[in-house]
Amino acid sequence: MLETIVAPATPYGESSIGVIRISGLRALEIVKTLTKAKVFKNRYAHYRKVYLDNDIIDDVIVTFYKSPNTYTGEDLVEISCHGSVTIIKTIVNELINLGCLMAEPGEFTKRAFINGKLDLLQAESITSIIKSKSDINLKNQQKILSGQLSSKLLIIKQKLLDVLSYFEHHLDIDEFDGDLEPENYLDSLNFIQSELKNLMDSFSMGKLYNDGLHVVICGKPNVGKSTLFNRMLNSDIAITSSEPGTTRDIINAELNINGIPIKLFDTAGIRNSDNIVEKIGIDKAKKLSKTADLKLNIYDKKIDKDDDLNKNEINIINKCDELSEGRYKDKLLYCSAKNNVGIDLIFDIIKKKLTSSKSTDSATFITSSRQQLNIKDAYHKTGVALENIINNNINIEILSFELREALDSIDLILGKTTPDDIINNIFNHMCVGK
Ligand SMILES: Nc1nc2c(ncn2[C@@H]2O[C@H](COP(=O)(O)OP(=O)(O)OP(=O)(O)O)[C@@H](O)[C@H]2O)c(=O)[nH]1
Ligand SMILES: [Mg+2]
């Protein structure tokens, strides 16, 4: 039997209300002792007092949720107390004295998973919802939580099972007992492949909306990087000056472009320098620009380097206010960070780079590498089976083996056969009280 657990569900800090959660078989009995009250109706809010020895600690609202229709699937109690760190700590300590165990991070959701309230995909979406930095990601994760992605995978799984059971049946029977007609299953396998491919392709967008993008501003000293950084953020976070070598440390701030969370970085101007501190800054800038999702190369009035651009780079010519008309060249991107000219264009180009050709309307995205890895695996295994059938290279044992492995990968995504360490890792990344 699992212990009864307790944890604050709201962060420690001053707030009007703090919520403490208790889950497990003894939850109600322990809360009755804590409040010296006998009656708690299922799903009713009760005004009660919390006692430590015989002293009143706080006036609280207690809501009791009777198993099994609760978040965890167990008896669950939520105590809303005043949002003081001392009150929350005192109540939690007293609940521990009365027999509760302090919950591990994500343990409430883990119990929901164990009790079949959620599959692993849905549990993962809860973490993403809490951490969500964009509306689009929030909507996507809500779709996953409501089971849309799980249903898609269950349909794929059912088709796979149909195909697999056909071949496994033939493995069991005498080979003269019936004709093997694998081509009857081509449609199913094609369907499975195309659904898995769609999901695989959705990963880059899903990751974009879930994790956000790192956009790094780089270039030589004094070209106006920090001025542009401030302008894009509508702030004065970074120091700017006419002295080259002003920025040393990497500075970052978050913004949101078309629902995509962006972390924007300002860096030290790249040049040969003998100054130790500046050199460290330049090294950091070079390192960061290598891992950036998007690099904005800033130039002062003209491009002095005509290298081919990588897909994740944009050249921007700043200080266009100091250029005469005749010196503008087609196809180059001009701006004046100081005078707020051309900044919208920069945002437009970033948007295009980020969302090129991918639809974002109705699809459900997969967002974790774990999901992507297993879907890739299932896609690969069903692909081998399909190819073998098309090439008339029929070995029932091999076909069954590939399909069974594909099935295992789908089960891993949903958490049916996922090893404990992976499951624990997922829940450990949640907050305490979730
Ligand atoms: N005329 C003009 N001056 C600008 C523009 N943008 C920035 N500046 C000026 O250029 C100088 C350098 O600006 P910064 O933003 O500090 O340049 P930086 O690239 O961050 O420089 P480092 O941090 O030293 O690498 C400052 O005097 C800015 O006011 C612009 O669009 N037009
Ligand atoms: Mg700077």
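## Helices over the sheet

In this predicted model, helix H8 (residues 225-233) lies across strand S7 (213-219), S8, S9, strand S10 (294-300) and strand S11 (313-318), at about 155° to S9. Helix H9 (residues 276-291) lies across S7, S9 and S10, and runs at about 135° to S7. Those angles are taken between N-to-C directions, from 0 to 180 degrees, with axes fitted to C-alpha atoms, for helices over the stretch in contact. Helices (H or I, at least four residues) and strands (E, at least two) are DSSP runs numbered from the N terminus.

## The sheet itself

The sheet is open and mixed, with 6 strands ordered S8-S9-S7-S10-S11-S12. Its edges are strand S8 (251-257) and strand S12 (333-334), each pairing on one side only; pairing takes at least two DSSP bridges. S8 and strand S9 (residues 260-266) run antiparallel over 7 bridges, and Ile251 sits opposite Asp266 in S9.

## Around ligand 1

Ligand 1 has 24 residues around it, the closest being Gly224, Ser226, Thr247, Gly269 and Lys338; the cut-off is a C-beta atom, placed from the backbone, within 6 Å.

## Contacts of Val77

Beyond its neighbours within four places in sequence, Val77 touches Ile22, Ala27, Leu28, Val31, Val62 and Phe64. Contact here needs C-beta atoms, placed from the backbone, within 7 Å.

## Ground rules

Residues count from 1 along each chain as written, while chains are lettered from A and ligands numbered from 1 in written order. Local features need pLDDT of at least 70 and side-chain atom pairs 80 or more, but totals for chains, interfaces and linings use all residues.

Methods:
Two residues are in contact if their C-beta atoms, placed from the backbone, lie within 7 Å.
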